[in-house]
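I opened a new notebook page for this structure.

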Amino acid sequence: MNSTWVKHAISEINADYQRSADTHLIRLALPGFPGIAIYLKDESTHPTGSLKHRLARSLFLYGLCNGWIKEGTPIIESSSGSTAVSEAYFARLLGLPFIAVMPSCTAKRKIEQIEFYGGRCHFVESACEIYAASEMLARELRGHYMDQFTFAERATDWRGNNNIADSIFRQMEREPHPVPEWIVMSAGTGGTSATIGRYLRCQGYDTRLMVVDPQNSVFLDYWQSRDASLQSPVGSKIEGIGRPRVEPSFIPDVVDEMLRVPDAASVATAQWLETQLGRKVGASTGTNMWGALHLAARMRDADETGSIVTLLCDSGERYLDTYYNPQWVAANIGDIAPFQAEIARLV
C-alpha cells in the first residue's frame with residue numbers, strides 16, 4: 001500500500017472540506033402556522049449541489065482509511081444520480097477513474113454533471129439491477145465498489161464532528177425554539193436518518209425523527225414489520241430516495257415515526273415550495289416538506305408551538321425535464337391538482 005499517496009489523498013479531501021462553508025438554514029414564513037417555525041437545511045449549496053456531497057466525502061475517507069482505495073483504484077458506485085455526481089467530484093480530486101451504475105431513466109442533467117467531473121455512466125434497465133452490475137464491474141476492473149447503501153450509516157461520525165445533525169443544532173441556537181420538536185428526513189441509503197437519529201439520542205435531545213417514504217419504497221413497511229426480505233418490483237420515481245429493497249444502512253430503531261408520501265404529493269409540494277423560496281427544489285425536498293407541513297398542521301390542531309427542521313436536498317434545476325415538465329409529470333406521476341389543493345388547505 002502506498003501510504004504516501006493515501007496520506008496525500010486524505011489531505012486533499014480535508015483541504016476541500018476546509019474550503020467549503022457550512023450550508024444555510026432557511027426559516028420559512030408561513031402565517032398559517034402561528035408559533036410554529038419550519039426550517040430548511042439547504043444542502044444544495046455544497047460544491048456538487050446536494051446533500052450527497054457529505055456522504056461522498058465520508059465514503060472516500062472511509063475507503064481510504066480502510067485500505068480499500070489506493071492510487072489508481074477505479075471507483076464504482078450504484079447511484080440514481082446525486083451520490084454519483086458527488087463521488088465523481090472526489091474521484092477527480094484524487095485522480096481516480098469513476099463509474100456510476102444507474103437506471104437508464106436517470107435525469108439527463110445528473111448524467112451530464114457526472115460526465116463533467118470526468119466520470120462515466122453504466123446504465124441498467126431497472127433500479128433492482130444496479131447492485132449486481134456494480135459488483136460485477138468492480139470485480140472485472142479490480143476496483144472498489146463504494147456501496148453507499150451498505151456503508152452510509154457507518155462511514156459518518158454520528159456523535160458530532162460537524163455532521164449534519166450537529167450543524168443543525170448549532171445553527172438553531174438563537175432561534176425562538178432552538179430544540180426542534182421534529183426533524184423530517186427522507187431515506188435513500190438511510191445513512192442521514194441514521195446519523196440524525198443516533199445524534200439525537202447521544203446528545204439527549206427530545207427531538208423526534210420522522211422519516212418520509214415515497215411510493216414503491218420498502219422502508220416504511222420494513223419499519224413496521226422488521227422483515228428484511230421485503231422487495232418492491234419497481235423503483236421509486238422520486239430520484240435519490242426510496243428503495244426497492246431493505247438497505248443495510250437504514251436503521252429503523254432510531255426512527256420515531258414514518259409517513260408514506262404519494263409521488264404526486266412530492267412533486268406538488270416541490271412546485272409549491274418554489275413559490276415560497278423563489279427557486280426550484282428537487283422532488284425529494286418536496287417529500288420532506290410534505291411531511292413537515294403535516295406535522296405543523298398536527299401541532300397547530302393540538303395548540304402546540306415549536307420548530308420543525310427538514311432538508312432541502314438539491315436544486316430543482318436538475319429536474320427541468322421531469323418534475324418541472326407538465327407533460328412528463330402527467331405521463332409519469334399523474335394528477336397533482338388534488339395535492340396542490342391540500343397544500344393550500346394546510347397552509
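**Surface and overall form**

I looked up the surface first. The protein chain exposes about 14,100 Å², and carbon and sulfur atoms supply 48% of that area. I note here that this is a predicted model.

Next I checked the overall dimensions. Along the principal axes, the C-alpha atoms of the protein chain fill a box of roughly 60 × 45 × 40 Å. I then turned to the radius of gyration. A compact globule with 347 residues would have a value near 20 Å, and the protein chain has 19 Å, which agrees.

How much of the chain is buried? I found that buried residues make up 57% of the 347 residues. I also looked at contacts between residues at least 6 apart in sequence. Of these, 76% join residues at least 24 apart.

**Helices and strands**

I listed the secondary structure. The protein chain has 13 helices and 10 strands.

In β8, 6 of the 7 residues are buried, so the strand is largely enclosed by the rest of the structure. Then I looked for its pairing. Strand β7 (residues 182-186) runs parallel to β8, and 5 bridges join the two.

**Aromatic rings**

I moved on to ring pairs. The count comes to 16 aromatic pairs.

Where do the two rings sit in the chain? Tyr89 is in helix α3 (residues 82-94). Tyr117 is in the loop between α4 (108-116) and β5 (120-124). The two residues are 28 apart, and the pair links distant parts of the chain.

Are these tyrosines buried or exposed? Tyr89 has 15% relative accessibility and counts as buried, because the limit is under 20%. Tyr117, at 12%, counts as buried too.

**Charges over rings**

Arg245 lies over the face of Tyr131, at 3.4 Å from the ring centre. Lys280 lies over the face of Tyr324, at 5.4 Å from the ring centre.

Methods
Residues numbered from 1 in each chain as written. Predicted model: local features only at pLDDT ≥ 70, side-chain atom pairs only at ≥ 80, totals over all residues. Heavy atoms only, no water. Phe/Tyr/Trp six-rings, centres within 6.5 Å; stacked < 30°, edge-to-face > 60°. Helix = DSSP H or I, 4+ residues; strand = E, 2+ residues; numbered from the N terminus. Buried < 20%, exposed > 50% of the residue type's maximum accessible area, 1.4 Å probe, protein only. Lys NZ or Arg CZ within 6 Å of the ring centre and 35° of its normal. Rg over C-alpha atoms; globule rule 2.2 N^0.38 Å. Contact = heavy atoms within 4.5 Å. Areas by Shrake-Rupley, 256 points an atom, 1.4 Å probe, with all protein chains shown as cover. Pairing = 2+ DSSP bridges.
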